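Here are some brief notes for your review. Please read them alongside the model.

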Amino acid sequence: MAGMKTIRIALTLLLATVALVATKPATAETAEEMLSACRPITLAPVSDGKIAIPSDFQSGLCWGAFAAIEFNLDTVDSQTRKHLFGVCLPDNRTRPQLIAIFVKYTKAHPERYGDDFMLVAHEAEKMDFPCPVPK
């Protein structure tokens, strides 16, 4: 029964992604555009374990995009229990940490500025949190 739930969730994610891509192919955010939106979050003050992110559209765009990425990267195959994207996020990670990893990676790779944000974000997270290679 749990396997069917995982399959339904994966299919829902796939359909949502296809629907978004099919309706907005020309307006996908580039890594550079998302870098611009996310950079202020990496500079936001933290106090008592809470981050004071700016209350603007760009910060909300970044925060929401990384909520989706975090969910996406946690997706596992119901049969093999392997992470579908080769990224094994630790349980104690934070969204600001994932955003900071993306910002650092993108700034270090300006040749990727024009690339699709999701592809660059996945690559950035995979560099820091690769899944262990089975022996």
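Is the disulfide of C38 and C62 right-handed or left-handed?

1. The torsion about the S-S bond of C38 and C62 is about 110°, so this disulfide is right-handed. The pair ties together distant parts of the chain: C38 sits in helix α2 and C62 in helix α3, 24 residues apart. The S to S distance is 2.0 Å. C38 and C62 are both buried. Keep in mind that the model is predicted.

2. Searching the whole structure gives 2 disulfides. The other bond joins C88 to C131, with S to S 2.0 Å. Here too, distant parts of the chain are linked: C88 lies in the loop between α3 and α4, C131 in the segment after α5, and 43 residues separate them. The link of C88 and C131 is right-handed, with 105° about the S-S bond.

3. Accessibility of this second pair deserves a line. C88 has 22% relative accessibility, so it counts as partly exposed. C131 is also partly exposed, with a relative accessible area of 22%. Buried would require under 20%.

4. The pairing then reads 1-2, 3-4.

5. Helix α4 covers residues 95-108, 14 residues in total. From first C-alpha to last, α4 reaches 20 Å, close to the 20 Å expected at 1.5 Å a residue. Its buried residues are L98, I99, I101, F102, V103, Y105 and T106. The cover over these buried residues includes α2 (31-43), α3 (57-73) and α5 (117-128).

Methods
Residues are numbered from 1 along each chain as its sequence is written. This is a predicted model: local features need pLDDT of at least 70, side-chain atom pairs count only at pLDDT 80 or more; totals for chains, interfaces and linings use all residues. Side-chain values use heavy atoms; hydrogens and water are left out. Helices (H or I, at least four residues) and strands (E, at least two) are DSSP runs, numbered from the N terminus. The expected span of a helix is 1.5 Å times one less than its number of residues. Buried means under 20% relative accessible area, exposed over 50%, partly exposed in between (1.4 Å probe, protein chains only). Contact means heavy atoms within 4.5 Å. A disulfide is a pair of cysteine sulfur atoms within 2.5 Å.
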